Amino acid sequence: MNCVGIDVSKGKSMIAVMRPFGEVVISPFEVQHTASELSELAKLLKSLDGETRVVMESTGNYHTPVAWLLHDAGLYVSVVNAMLVHDYGNNSLRRGKTDKKDAVKLANYGLDHWLTLPRYVPEEDTRLMLKTCYRQYQQYSKVQTMLKNNLISLLDAVFPEVNRLFNSSPRADGSEKWVDFVSTFWHCQCVSTLPLKSFSARYLKWCRKHGYYFSQEKAFEIHSKAKNCIGVMPRNETTKLLVQQAIAQLKATSAALAALKQEMQSLAASLPEYPVVMEMFGVGTTLGPQLMAEIGDVRRFHSKKALVAFAGIDAPPCQSGQMDIHSRSISKRGSAALRRTLFLVMGIYLQSAPLDEPVYQFMDKKRSEGKPYKVYMMASANKFLRIYYASVTAYLNTLARI
């Protein structure tokens with residue numbers, strides 16, 4: 001019975017091998033994250049007498065190559081949440097923090113929880129790529145919001161509120177009409193100095209070139225707005241450079257987001273649960289792949305409660321003596337990205353108000369009881385996840401029997 005504690009860091013790991021009653025099998029030593037050194041580590045661990053299990057913390061992407069290679073070598077690998085190990089064994093007034101101590105702590109944790117250590121199973125390539133695409137999509141979305149706000153701030157000094165003149169939805173390639181418009185008419189004087197008839201002709205030509213719908217009323221509205229605008233920044237080459245560089249950055253980010261969205265849709269469509277998920281109300285071509293990316297293979301959860309806990313929208317019990325609190329806040333100890341996606345799905349329920357949908361009926365009931373906004377939204381998300389678990393699990397089990 002050997003327990004291997006691996007304290008993972010960037011590019012290297014500290015290894016400690018322990019047996020019950022504090023017996024040190026191998027003193028802590030360091031291993032670099034290279035194919036040769038990790039392969040030698042796998043051979044060493046497999047040569048030990050008795051059953052061997054490896055325990056390491058989940059540390060973003062750092063632990064992945066170590067866990068994958070050792071699992072591929074046939075070893076029992078367990079990747080545990082860092083919060084479970086953080087306070088384990090801290091029964092000393094003098095708390096030291098070194099990689100060697102952490103490796104020994106992980107090994108002792110594994111010995112104490114030997115029978116309940118969850119086995120690490122690498123994600124399928126499709127699910128791994130879908131999740132990675134979604135994480136990149138999230139990052140680019142934040143950048144897009146920042147760049148869009150930056151462009152609007154610049155336009156407030158050269159062509160105020162021009163973005164509010166257009167309400168067209170973004171295209172599949174990520175382009176937006178107002179962004180394309182200010183790329184050509186980057187200053188209010190680019191419009192106001194032209195007679196209305198000349199601007200209408202140029203606007204018509206621009207709409208045909210970019211494939212947008214032309215409206216004479218819209219041309220008149222834009223021209224009137226430009227006439228009444230005050231351009232604080234002068235119409236010169238420096239101003240043009242600032243505006244067009246901001247536009248170029250925004251267009252590049254929007255194009256990347258559109259490409260990622262299409263790839264996520266393609267990856268999600270290849271997963272077996274795709275038809276069931278897409279039939280659920282509130283889930284479309286954007287939120288569906290996001291849900292599937294964050295939840296992964298639903299069969300890895302032993303129950304619907306485990307899935308709810310993974311999302312961090314469960315309310316842990318709080319009881320001690322005569323105190324028994326039933327109304328508590330959600331734990332938020334789970335996937336923040338999944339909670340965000342669920343909140344967006346609940347927003348669709350709230351806007352659409354489908355009276356025949358069980359989730360909306362539950363939401364409306366809680367709202368009529370006077371529950372606060374966030375309370376009935378998260379309670380509805382809890383119910384939605386339970387329905388998701390039941391529907392997808394039943395469908396996957398049916399496929400497995402065929």
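Reader: Before the details, what should I keep in mind about the model and the numbering?

Author: This is a predicted model, in which local features need pLDDT of at least 70 and side-chain atom pairs count only at pLDDT 80 or more, while totals for chains, interfaces and linings use all residues. Residues are numbered from 1 along each chain as its sequence is written, and side-chain values use heavy atoms, with hydrogens and water left out.

Reader: OK, how many residues are in the largest nonpolar core, and which have the most contacts inside it?

Author: It has 46 residues, and those with the most contacts inside it are Ile295, Val298, Leu342, Met346, Phe384 and Tyr388. A nonpolar core here is a set of buried Ala, Val, Leu, Ile, Met, Phe, Trp, Tyr and Cys residues joined through side-chain atoms within 4.5 Å, where buried means under 20% relative accessible area, exposed over 50% and partly exposed in between, with a 1.4 Å probe and protein chains only.

Reader: Which element gives the largest share of this core?

Author: Helix 16 does, with 10 residues; helices (H or I, at least four residues) and strands (E, at least two) are DSSP runs numbered from the N terminus.

Reader: And what is methionine 346 in contact with?

Author: Leaving aside neighbours within four places in sequence, methionine 346 is in contact, meaning heavy atoms within 4.5 Å, with Val359, Met363, Met377, Ser380, Ala381 and Phe384. Apart from this core lies another of 32 residues, among them Leu154, Tyr203, Ile222 and Ile247.

Reader: Back to helix 14: which of its residues are buried, and what covers them?

Author: The buried residues of helix 14 are Ala337, Leu338, Arg339, Thr341, Leu342, Val345, Met346, Gly347 and Tyr349, and what covers them includes helix 5, helix 12, helix 13, helix 15 and helix 16. Helix 14 is followed by alanine 353, whose phi is positive, near 50°.

Reader: Switching to rings, how many aromatic pairs are there?

Author: The structure holds 14 aromatic pairs, counted when ring centres of Phe, Tyr and Trp (its six-membered ring) lie within 6.5 Å, with planes under 30 degrees apart stacked, over 60 edge-to-face and the rest tilted. The rings of tyrosine 203 and tryptophan 206 have their centres 6.0 Å apart and their planes at 15°, so this pair is stacked.

Reader: Are those two buried or exposed?

Author: Tyrosine 203 is buried at 0% relative accessibility, and tryptophan 206 is buried with a relative accessible area of 4%. The rings of phenylalanine 343 and tyrosine 373 also have their centres 6.0 Å apart, but with their planes at 80° the pair is edge-to-face, and it links distant parts of the chain, helix 14 and helix 16, with the two residues 30 apart.

Reader: Which residue has its charged end over the ring of phenylalanine 362?

Author: That is lysine 383, 5.6 Å from the ring centre; the criterion is NZ of Lys or CZ of Arg within 6 Å of the ring centre and within 35 degrees of the ring normal.

Reader: Last topic, how does strand 2 sit among its partners?

Author: Seven bridges join strand 1 (residues 2-9) to strand 2, running antiparallel, and seven bridges join strand 2 to strand 3 (residues 23-32), also antiparallel; strands pair if DSSP finds at least two bridges between them. Six of the eight residues of strand 2 (residues 12-19) are buried.
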